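I opened the model today and kept notes as I went.

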Amino acid sequence: MRLPAAAWAFVAPATLVVGVFFVLPVLAGFALSVTDFDIYSLASLRNLRFVGIDNYLDLLGTPLFWQALGNTLYFVAVGVPLSIGLSLGCALLLHSRLARFQSFFRTALFAPVVTTLVAVAVVWRYLFQTRYGMVNHALAQAGIDPIDWLGDPHYAMPTIILLAVWKNFGYNMVILLANLQTIPDDIYAAARIDGASPLQQLWRITLPILQPTLILVGILTTAGYFQLFAEPYVLTQGGPLRSTVSVLYFMYEEGFKWWNFGTASTAAVLLFLLIFAVTRGLARLSGREAAA
Amino acid sequence: MDRLRAVLHVVPGMAFLAGGLLLLCAACTSPATDKQTLRFWAMGREGEVVSQLMPEFERRNPGIHVDVQQLPWTAAHEKLLTAFAADALPDVCQLGNTWIPEFAALDALAPLNSAVAHSKIVDAADYFPGIWETNTIGPALLGIPWYVDTRVLFYRKDLLARAGFDHPPRSWNEWEQALAAVKREAGPGKYAILLPINEFEPLLALGLQQRGPLLSDDGGHGRFSSPAFRRALDFYVRMFREQWAPSMQAGAISNVWTEFGRGYFSFYISGPWNIEEFKRRMPPEHRDDWMTAPLPGPDGPGASTAGGASLVIFRSAKRPDAAWRLIEYLSSTEVQVRFHALTGDLPPRRDPWRDPALSGDVYAKAFLDQLERARPTPKVPEWERIANEMQLAAEQVVAGKIDVDQATRVLDTRVDTILEKRRWMMARAKSQ
């Protein structure tokens with residue numbers, strides 16, 4: 001297909017913007033990842049070395065990078081199902097004919113999405129404070145010893161997951177709810193006449209119809225959760241014992257704290273490849289299922 | 001997630017802004033007035049109040065107008081580096097003295113040796129030697145100390161007396177006894193000392209008290225597995241093992257002043273800004289129960305860190321002479337005294353300390369004593385990262401993941417990796 005000149009003229013502004021602000025930086029980032037660009041290189045380009053794939057090899061030999069990768073996978077593996085499960089559950093509840101004050105709850109459950117994370121983090125730090133926090137206070141009523149939520153390496157990541165899930169589930173909930181509302185009632189009526197239990201209706205009607213949306217939501221959430229950064233940044237600064245360092249947090253420290261843009265870009269490229277592979281895998285998996 | 005996006009947007013944005021400011025200022029000086037505009041960047045609280053000192057300077061120097069721009073500390077480092085890359089640095093600037101090696105590596109700082117040699121106001125001999133030294137790289141003097149920040153011991157007089165001590169500890173030996181006794185009195189759930197596990201300054205001070213250096217002399221290798229540093233780390237870890245210190249992040253303490261007032265801990269290693277804070281925030285019934293003391297050393301009074309900020313002139317400065325006049329003005333005794341009154345910052349030279357405002361402050365006395373024994377950290381641009389790695393290693397030992405031996409060895413390996421580029425550059429410089 002050949003585009004006439006007029007068409008080029010129409011797409012030129014957008015292409016230019018995308019080119020300058022997206023394609024160029026991405027290429028520059030990739031170029032940086034094969035150099036050791038750092039504070040010395042900023043002084044003089046004579047101090048810049050081309051290192052080929054050394055950055056990649058070094059990074060794969062850095063224990064902290066693997067730890068960051070492990071932390072990120074932990075966050076994704078637990079956080080994504082939890083987040084989508086909660087979204088789906090809340091969407092079903094809100095959609096139920098038995099639910100009262102639907103619009104109130106819809107707004108209330110969506111509220112965390114639009115609140116500022118920094119403000120939320122301040123409140124959460126108080127809630128999860130070891131000695132005076134309300135969470136431990138409530139646990140004490142049930143006879144459970146205080147837990148050092150943000151200071152114990154075993155509990156820090158679960159706390160972060162909790163925060164992220166609470167903060168994000170409302171968004172997916174609204175998408176799923178919108179989809180639920182498009183399902184015609186007569187399908188359910190027909191199912192009831194055939195004697196389908198509510199559980200069967202959910203399994204045989206609701207979920208299959210929601211499937212494309214669920215896949216979309218799943219892919220978006222996975223890609224987003226792989227880029228975990230702000231939660232550990234505001235809540236734990238990667239600690240305790242580096243248990244909440246994510247790949248992106250690692251990259252931020254390398255790049256913007258220590259000015260090793262070479263290593264930071266390498267981490268970025270690797271994270272991109274990982275996200276690409278995982279979301280691609282998810283899409284293909286669901287595609288095969290849909291075909292079957 | 002959003003934060004990084006914000007950062008990525010801010011960096012080019014800042015370069016843009018800095019460039020814009022440059023244009024703006026080029027425009028604002030162009031009118032036919034013969035006044036020259038001096039651009040001065042200052043950070044945080046100092047940036048807020050320093051403009052109050054400017055009218056007097058402008059009155060004494062009618063030809064100069066000072067344009068003060070305030071930067072928040074959290075954004076200052078990025079902003080300075082982007083301004084450097086964009087060639088938009090100001091004439092004169094406040095710079096944390098641990099940043100000086102970095103900007104020296106960038107060759108961004110103008111040497112001040114000859115200016116000081118001719119100055120009637122800036123007298124090198126009057127400055128505390130450890131602080132002055134943080135501003136020298138080799139033979140070059142690259143900054144003039146503006147205010148100092150060293151760490152001393154804040155302690156509860158009453159709790160120490162209850163444990164049977166009428167004076168603060170002066171050596172590690174006395175300190176250990178005091179810590180053990182205070183902890184015994186305090187009982188379980190309370191502690192003797194607070195050492196936030198994610199703050200490197202206390203351990204760094206203990207490390208600086210040793211005779212051995214932390215890095216090799218050329219700054220190319222770590223020396224953390226030397227007996228000197230291991231002794232410091234041993235002592236640091238012991239304070240946690242004995243339950244004298246709680247293993248806590250700084251963020252886990254909801255309010256240091258309240259907890260200090262409640263006797264949750266009796267010793268706290270901190271800096272000058274906390275004098276005002278403790279005066280203001282201690283609970284009324286314990287208002288006079290605290291004091292400051294120099295840091296105890298392995299045998300007798302020990303060294304501590306030599307932090308603070310300096311005033312520097314950038315090589316790219318358009319008005320270096322006016323910039324130097326501003327530095328002289330801010331370094332003079334009377335302005336230093338006024339500056340202390342405005343900010344609570346401690347002067348880096350001895351003369352202002354004779355003023356009653358400082359010599360009469362019982363809490364400042366320990367700082368004056370400590371400043372004579374302040375020691376600079378190794379002057380390599382990578383230092384801040386190395387100090388961070390040091391603290392991470394210490395945190396692992398405290399958590400019982402590795403022992404001191406392993407930690408110091410791993411730390412040296414990490415530090416050697418971090419310093420690889422520096423070694424390469426030194427080798428290249430030698431071969432040329």
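**Entry 1: a loop residue in chain B.** I am working with a predicted model. I started at B:Ala108, which is found in the loop between α5 and α6 (113–118) of chain B. Is B:Ala108 buried or exposed? I counted 22 other C-beta atoms within 10 Å. The cut-off for buried is 20 or more, so B:Ala108 is buried.

I then listed the contacts of B:Ala108, leaving out residues up to four places away in sequence. B:Ala108 touches B:Phe84, B:Leu89, B:Phe103, B:Phe314 and B:Arg315. I also checked a distance to B:Ser316, which sits 208 residues apart from B:Ala108 along the chain. The two C-alpha atoms are separated by 7.4 Å.

**Entry 2: a helix pair in chain B.** Next I took α10 (residues 201–208) and α11 (residues 227–241) of chain B. Their axes come within 8 Å and cross at roughly 140°. Roughly antiparallel needs an angle over 145 degrees, so I logged α10(B) and α11(B) as oblique to each other. I noted the crossing as right-handed.

Which residues make this contact? From α10(B) I found B:Leu203, B:Leu206 and B:Gly207. From α11(B) I found B:Phe229, B:Ala232, B:Phe235 and B:Tyr236. By class, the residues of the contact are six nonpolar, one polar and no charged.

**Entry 3: the core.** I looked up the largest nonpolar core and got 181 residues. B:Val92, B:Ile193 and B:Leu326 have the most contacts inside it. I followed up on B:Ile193, again leaving aside neighbours within four places in sequence. B:Ile193 is in contact with B:Leu179, B:Met239, B:Trp244, B:Ala245, B:Phe265 and B:Phe267.

**Entry 4: where the chains meet.** How many residues does each chain bring to the contact? I read 27 residues from chain B and 28 residues from chain A. On the chain B side, α1 (2–29), α4 (73–85), α5 (100–105), α18 (383–398) and α20 (420–431) each supply at least two residues. That side of chain B divides into 14 nonpolar, five polar and eight charged residues.

**Entry 5: a loop residue in chain A.** I finished at A:Asp36, in the loop between α1 (5–32) and α2 (39–43) of chain A. With 22 other C-beta atoms within 10 Å, A:Asp36 is buried. A:Asp36 touches A:Arg49, A:Val51, A:Gly262 and B:Lys421, not counting residues up to four places away in sequence. I also checked A:Ala12, 24 residues apart from A:Asp36 along the chain. Their C-alpha atoms are separated by 35 Å.

Technical notes
Residues are numbered from 1 along each chain as its sequence is written. Chains are lettered from A and ligands numbered from 1 in the order in which they are written. This is a predicted model: local features need pLDDT of at least 70, side-chain atom pairs count only at pLDDT 80 or more; totals for chains, interfaces and linings use all residues. Two residues are in contact if their C-beta atoms, placed from the backbone, lie within 7 Å. Helices (H or I, at least four residues) and strands (E, at least two) are DSSP runs, numbered from the N terminus. Ala, Val, Leu, Ile, Met, Phe, Trp, Tyr, Cys and Pro count as nonpolar, Asp, Glu, Lys and Arg as charged, and the others, Gly among them, as polar. A residue is buried if 20 or more other C-beta atoms lie within 10 Å of its own, exposed if 12 or fewer, and partly exposed in between; C-beta atoms are placed from the backbone. Axes are lines fitted to C-alpha atoms, for helices over the stretch in contact, and angles run from 0 to 180 degrees between N-to-C directions. Angles under 35 degrees count as roughly parallel, over 145 as roughly antiparallel, 65 to 115 as roughly perpendicular and the rest as oblique. A crossing is left-handed if the near helix is turned anticlockwise from the far one by less than a right angle, and right-handed if clockwise. A nonpolar core is a set of buried Ala, Val, Leu, Ile, Met, Phe, Trp, Tyr and Cys residues joined through C-beta atoms within 7 Å.
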